[in-house]
Amino acid sequence: GKDTKGMIRQHQFYKVELVSIVKPNDCIKELDRMLTCAEKILEKLDIPYQVILLSSGDMGFSAEKTFDIEAWIPSENKYREISSCSSCGSFQSRRMDAKYKSANGSEYVGTLNGSGLAVGRLMVALLENNQNEDGSITIPSILKKYMNNLDKIWLLLLFNWLFYYNYPRMSGQGIAQFIPLILIFVIFYFFLIRPQQKRVKE
């Protein structure tokens, strides 16, 4: 594909996989519930998004209905897929002969799967949608308790200065090439890790 570089290209990524096994008649209702689970995360993070109902030509082979959730990526000026939830009806259960007992006898179950959001792309959306003109990143209120109650992150300015300006000039100069990494560790320790340790002791 055209996305071969940068964080938006996820050759491998982590996510929470959503899997449901229900009665066939409850598949569409369960699909809406799974979709809501993924949407709530974006809403709590205040990330703009849109939900797309895929056409049959864009769906997977086993799906009967699929929704894609796309997050707004300012640098690309467009929405990018960040989650997908599908109902497979009884297609998969027929192939693996998975049934449940009902008043009418044994019937095939309904299966659904989806992603609770791709973490890598979520990070891109989170950073870009909260970046300020001065380069700082405003931390969403829901995440502040995990970030030592900081309002903004200014470290990206330092990262940019170290890696894009100084690091290329220092590479190949012995211990100097490790200075940026050492500085980053020191900053994270004294501003994020150490305050948390003090709070636990108190």
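Predicted model: local features only at pLDDT ≥ 70, side-chain atom pairs only at ≥ 80, totals over all residues.
Strands pair through backbone hydrogen bonds, either parallel or antiparallel. Between β2 and β3 the sense is antiparallel, with five bridges. Within β3, Phe-67 is the bridge partner of Leu-53.

The largest nonpolar core holds 21 residues. Those touching the most other members are Leu-42, Ile-47, Ile-69, Ile-82, Leu-112, Leu-117 and Leu-122. At least two core residues come from each of α1 (27-44), β3 (65-73), β4 (78-87), β7 (110-118) and α3 (119-129). The largest share belongs to α1, which supplies six residues.

Ile-69 is one of the core residues with the most contacts to other members. Residues up to four places away in sequence are left out of its contact list. Beyond that range, Ile-69 touches Leu-35, Ala-38, Glu-39 and Leu-42, among others. Its list also includes Tyr-49, Gln-50 and Val-51. Further contacts of Ile-69 are Arg-80, Glu-81, Ile-82 and Ser-83.

Leu-126 sits in helix α3. Its relative accessibility is 14%, so Leu-126 counts as buried. With residues up to four places away in sequence not counted, Leu-126 touches Leu-45, Ile-47, Pro-140 and Leu-143. Leu-45 and Leu-126 are separated by 81 residues in sequence. Their C-alpha atoms are 7.6 Å apart in space.

Aromatic pairs were searched for over the whole structure, and two were found. In one, the ring centres of Phe-61 and Phe-91 are 5.4 Å apart. The planes of Phe-61 and Phe-91 stand at 90°, so this pair is edge-to-face. Phe-61 belongs to the loop between β2 (49-53) and β3, whereas Phe-91 belongs to helix α2 (residues 91-96). The pair therefore ties together parts that are 30 residues apart in sequence. Phe-61 is exposed, because its relative accessibility of 72% is over 50%. Phe-91 has 29% relative accessibility and counts as partly exposed.

Trp-72 and Tyr-79 form another aromatic pair. Their ring centres are 5.0 Å apart. The planes of Trp-72 and Tyr-79 make 65°, so this pair is also edge-to-face. Trp-72 is partly exposed, at a relative accessible area of 22%. Tyr-79 is partly exposed too, at 29%.

The relative accessible area of Asn-77 is 58%, so the residue is exposed. Asp-97 lies in the loop between α2 and β5 (99-102). The relative accessible area of Asp-97 is 48%, and the residue is partly exposed.

Notes:
Residues numbered from 1 in each chain as written. Heavy atoms only, no water. Core = buried A, V, L, I, M, F, W, Y, C linked by side-chain atoms within 4.5 Å. Buried < 20%, exposed > 50% of the residue type's maximum accessible area, 1.4 Å probe, protein only. Helix = DSSP H or I, 4+ residues; strand = E, 2+ residues; numbered from the N terminus. Contact = heavy atoms within 4.5 Å. Phe/Tyr/Trp six-rings, centres within 6.5 Å; stacked < 30°, edge-to-face > 60°. Pairing = 2+ DSSP bridges.
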